[in-house]
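Subject: Structure for your attention, with notes

Dear colleague,

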Amino acid sequence: MNPMSRRTMLAATAAGGALTASTTLAQGAGQGDVPQPIRGNTGGTDPGPRNAAADRDNPDLLAPPPTDAGDIPNLKWPFSLSHNRLQDGGWARQVTVRELPVSKAMAGVDMRLNPGGIRELHWHKADEWSLMLNGSARITCIDENGRNFIADVKQGDLWYFSSGLPHSIQALQDGCEFLLVFDDGDFSEDNTFLISQWFAHLPKPVLAKNFNEPESAFANIPQKQLYIFAAPVPPSLQADTVADPNGPVPNPFVFRMMDMQPVKCPGGSVRIVDSQVFKASARIAAAFVEIEPGGMRELHWHPLADEWQYYISGRARMTVFASGNNSRTFDYQAGDVGYVPRAMGHYIENTGDAPVRYLEMFVAPRYTDVSLAQWLALIPPELVKQHLHLSDTVIGRLQKQKQLVVGSSQSATSPPAQPG
Ligand code: MN
Ligand code: MN
């Protein structure tokens, strides 16, 4: 169905060019390949007005598969549609339950720090899981027993700050961009416990007594929050080491994800990082998934937790089945957040001609999923036949091990790349 429908859309786009108005609009925008809301014999051209860029990014909303039905809520939010907070030392934007109402369990922040830029010393109630997307940074933290952790993180590294532990992030010489994921959809990056604001909201005599210093020692504390601010690039990690009489933290707060061997799959690879391998990551589990062109994250669901997704590269689509007659398809690309409520069946298909890389995130100590194909392979074949009317040959080929990412089907012709 999918290859056919994509060809149909391409053909419909060409046919739509006969309409003067849409031709003018498309040409005016330099976008003659905008898909039309046509699928098979249903729908019709959209002569405009239309948001051509949004239509090209969301072809499965514009012309949904005929199997879509019901009233599943929105499951997509591009960081590009979030307010961006521009500061001296960088910027930050967030996707929370306020942007994506279904995402009650988790929230995310996309942050850029210019070289030397500092995310102010702070803490918060949520746990913080992080992935370095570009560049490098120095992180600092202490735990409740006064054991410090100071480390440098580079592209592909993860780090984790448990609820309430105070920390900072400072970009090294090349600057950096990273993703933060919190185990609370209601989290707000604008309402963390900032050291500047606490100092500014304490009586000076209290500060003096606490640190056993004269009040004059606190004459220059900032009166407004710093949040993200410019600073010189820090010295070497060795020069920034602070001797700690309390010893090291029992489990490092950093995990070098790209040093880990991925699970190789027919259509890609998966790195599962949960508290079994990254012990500090006690309450957030992750999978870093790569899907080759034509490949697909197999049909599955997660029995224990909602899934929060972040798309790093490529183009993908996902259909979420919410029980009953409720099923809806969304398209994703780099910088998008996706969401799948617990137990809802789904797949993620690479619809482009480049690898798809994305994160699956869960508020859980362990990564868990149930594979549709594995389920059917491990129950009596007759039972499968009675339900689905599949041939013995097809039932006999069901895989007893999870494929995780399947390759392009042997029998299907490969679909053309998406319009645009
Ligand atoms: Mn934080
Ligand atoms: Mn999933």
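Predicted model: local features only at pLDDT ≥ 70, side-chain atom pairs only at ≥ 80, totals over all residues.

Residues are numbered from 1 along each chain as its sequence is written, chains are lettered from A and ligands numbered from 1 in the order in which they are written, and side-chain values use heavy atoms, with hydrogens and water left out.

Distant parts of the chain are linked by the pair H124, in the loop between β7 and β8, and H167, in strand β11, which are 43 residues apart; helices (H or I, at least four residues) and strands (E, at least two) are DSSP runs numbered from the N terminus. Both H124 and H167 are buried, where buried means under 20% relative accessible area, exposed over 50%, and partly exposed in between (1.4 Å probe, protein chains only).

The manganese ion (ligand 2) is coordinated at 2.1 to 2.2 Å by H300 (NE2), H302 (NE2), E307 (OE) and H346 (NE2), and its donor residues follow the spacing H-x1-H-x4-E-x38-H. Here the pair that links distant parts of the chain is E307 in strand β19 (residues 307–313) and H346 in strand β23 (residues 345–350), 39 residues apart, and both E307 and H346 are buried.

Strand β8 deserves a look of its own: eleven of its 15 residues are buried, so β8 is largely enclosed by the rest of the structure. Strands count as paired if DSSP finds at least two bridges between them, and β8 runs antiparallel to strand β11 (residues 167–182), to which twelve bridges join it, with F182 as the bridge partner of E128. Four bridges join β8 to the antiparallel strand β10 (residues 157–161), where L158 stands opposite L131. With β9 the strand β8 pairs in the antiparallel sense over seven bridges, and the two form a hairpin with five residues between them, G146 in the turn having a positive phi of about 70°.

The lining of the second largest pocket comprises 19 residues, of which W123, P166, I195, W198 and F199 lie nearest its centre. A pocket is, on a 1 Å grid over the protein atoms alone, an open set of points where a 1.4 Å probe fits, with protein on both sides within 12 Å along at least five of seven lines, and lining residues have an atom within 4 Å of a point.

Among the local details, a cis peptide bond with omega of about 5° joins G48 and P49. Although not a glycine, N212 has a positive phi of about 55°, and with a relative accessible area of 69% N212 is exposed. S323, also not a glycine, has a positive phi of about 75° and counts as partly exposed at 46% relative accessibility.

With best wishes

Terms used
Donors = N, O, S within 2.8 Å, 3.2 Å for Na, K, Ca; no water.
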